[in-house]
2 protein chains.
Amino acid sequence: MSEKRVIAVDMDVLREAEKNNIIEEAGKLGFEVIFSGGQGFEGFEDAEVIYGGPQVLSSGKDLDRLKWFHSSYAGVNAFLVPGLLPGGVVLSGSSGAFGVAIAEHGMMLTLDLIRNMPKYQERVRNRIWSHDLSFNSIYGSRVTLLGTGDIGSEYAKRIRPFCPESITGVNRSGRVGDENKDLYDRIVTSDQLDAVLPKTDILFMSLPGTKETDRIIDGKRIALLPKNAFIINVGRGNSIDQKALCDSLEKDVIAGAGIDVFETEPLPENDPAWDTKNLLITTHCAGWMDLDFTRRKNVEIFLEYLKAYSKGDPVPGAIDRAVGY
Amino acid sequence: MSEKRVIAVDMDVLREAEKNNIIEEAGKLGFEVIFSGGQGFEGFEDAEVIYGGPQVLSSGKDLDRLKWFHSSYAGVNAFLVPGLLPGGVVLSGSSGAFGVAIAEHGMMLTLDLIRNMPKYQERVRNRIWSHDLSFNSIYGSRVTLLGTGDIGSEYAKRIRPFCPESITGVNRSGRVGDENKDLYDRIVTSDQLDAVLPKTDILFMSLPGTKETDRIIDGKRIALLPKNAFIINVGRGNSIDQKALCDSLEKDVIAGAGIDVFETEPLPENDPAWDTKNLLITTHCAGWMDLDFTRRKNVEIFLEYLKAYSKGDPVPGAIDRAVGY
């Protein structure tokens, strides 16, 4: 058994410059870095630290030396399957790396929905010049954010100059940090959700996938929204009852939805969601790391946490595995 | 000939409440209001003031009593056809009514293009779950605004929190009013356009249709942009050489374009633009008055100008018909 401290990185998406950056910075802290080539995970048995997705955990690899797993995903639910990650291993996630990209995606979905873009584009594909399809505006709309973390706050920043009538944040505590306070007109706790929904034109969801968020938006709550309302979900698929959403859309209970995350991913080919009326689907690509910024920010967060870890300090983004965040 | 002062309104799109608002406010100033029903223009021969589109001018109606024509469009080029509007008639337009809606549309086109939405949606229509198509971000992009009027300024406000590297305004004078100065990192004059284009990732165009703007973006200037650049045009179709744009897109000279306005509208069914690679088409619907806000704002501007007119003051938005703005 070697005495070297090894970091194993499983992120095929990284560019050479980013790999070299990790090698150099980790080297200064006394670590060697190995990278997975494809799915072999060669050398991962020596790793004290793994940085990447959860695939290695189900590869059968012996990870006896592992002390810290840093997920390259913001959501860590894939790591919380009982028995997958050995008990004593610290788990952290890349929350904070995705806010910019996902908020941008959320703004795109919001604008496409509110301006009736999918229907106009269907006409354009058929060379039909028209402007009789009605549309609305963010201007004067009441926006509710379910989830006020990194993604929610970045979305609130971006939607503000579109002059919505109000921006309401909904979270567990009814509070946000001082640095984000000015982004919202008010923050309420989750138990006030049923009172807020009837006064919501745009419901933007960026919740993590936990037991608490499971189907927090069900058919009953969708029916509390006004008929002109849109739901945008860029968090996790578990937080909406997907069948109820599709049924509600078919029955015009609300005006539309823009959904990047699903209960089962990839969305099965025979899933009725594909053809649901007024459902704008994207394929969990909001935070995809093809965006340079997202990839670099992801590495930056890992290296920041690594500095703390190497000093023996607690990993800043460590997750309470019992509650999932 | 009656002695009453008549305002004739040709805007089928108005809702009852908006019509009543005009009747009430104009009544206070001593005017009677008539509304066109369809294309008959009954009673328009009595009008001292007309508010609406240019259709009545080519209807053969005698408009001897007309003193002021207030266009419900922001662009007044349709009114400037020689011989159409009698010589002494004051002409004004609805500039200022469309900024909010058109800037929102422009932001939608920008996000759809930069996130590769049309290609992802083509896959989604075929039930293909994928995230291998690359995309980019407004974050860190260099934005250039050709035209810094109402629409440009509203767009600048909205794109700022997406954290572009820079926002450069281009206009005739190289200056903007103090109230809009903070929206731009710098303002340059049109003669510096060729120097700015190579440093532009997103070119947003909101120019009026004048001789000066005619094909201001031609094939040579498109080629000055970086390969990753996008052009968005929500101003007037004359300001881009449309054939050169389509050719450039087919040859990957730039990454894409989002175009709401065309040289000929409606875009002819056999126009090659419909099928041009990486060209996202909308059908001159950016400022469409189905948006309540746009309609109400349009009426509000007319009533504000009417107050000045009724006092014998110059109409605030009056256009120099020789130059077209």
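1. Ground rules first. This is a predicted model, where local features need pLDDT of at least 70, side-chain atom pairs count only at pLDDT 80 or more, and totals for chains, interfaces and linings use all residues. Residues are numbered from 1 along each chain as its sequence is written, while chains are lettered from A and ligands numbered from 1 in the order in which they are written.

2. Let's take chain A as a whole. You'll find 8 helices and 12 strands in chain A; helices (H or I, at least four residues) and strands (E, at least two) are DSSP runs, numbered from the N terminus. The C-alpha trace of chain A spans about 70 × 45 × 35 Å along its principal axes.

3. How much of chain A is buried? Of its 325 residues, 47% are. A residue is buried if 20 or more other C-beta atoms lie within 10 Å of its own, exposed if 12 or fewer, and partly exposed in between, with C-beta atoms placed from the backbone. As for contacts in chain A with a separation of 6 or more, 63% are between residues 24 or more positions apart. Two residues are in contact if their C-beta atoms, placed from the backbone, lie within 7 Å.

4. Now the domains of chain A. Domain 1 covers 5-97 + 291-310 and domain 2 covers 99-281; these bounds come from an automatic or database domain assignment. The centres of the two domains, taken over C-alpha atoms, are 32 Å apart. Where they touch, 7 residues of domain 1 are in contact with 8 residues of domain 2.

5. Have a look at the sheet in chain A. It is open, with 5 strands in the order 2-1-3-4-5 and parallel pairing; two strands pair if DSSP finds at least two bridges between them. Strand 2 (31-35) and strand 5 (90-92) sit at the edges, each pairing on one side only. From one strand to the next, the twist averages 20°. Inside the sheet, strand 1 (residues 5-10) and strand 3 (residues 47-52) of chain A run parallel and are joined by 5 bridges. On strand 3, A:I50 stands opposite A:A8.

6. Helix 1 (residues 16-28) of chain A lies across strand 1 and strand 2, at about 155° to strand 2. Axes are lines fitted to C-alpha atoms, for helices over the stretch in contact, and angles run from 0 to 180 degrees between N-to-C directions.

7. Which helix of chain B gives the most to the side that touches chain A? The contact involves 41 residues from chain B and 40 residues from chain A. Helix 2 of chain B gives the most to its side, with 8 residues.

8. Why is B:D271 partly exposed? Because it has 19 C-beta neighbours inside 10 Å. B:D271 and B:K243 are 28 residues apart in sequence, and their C-alpha atoms are 9.9 Å apart in space.
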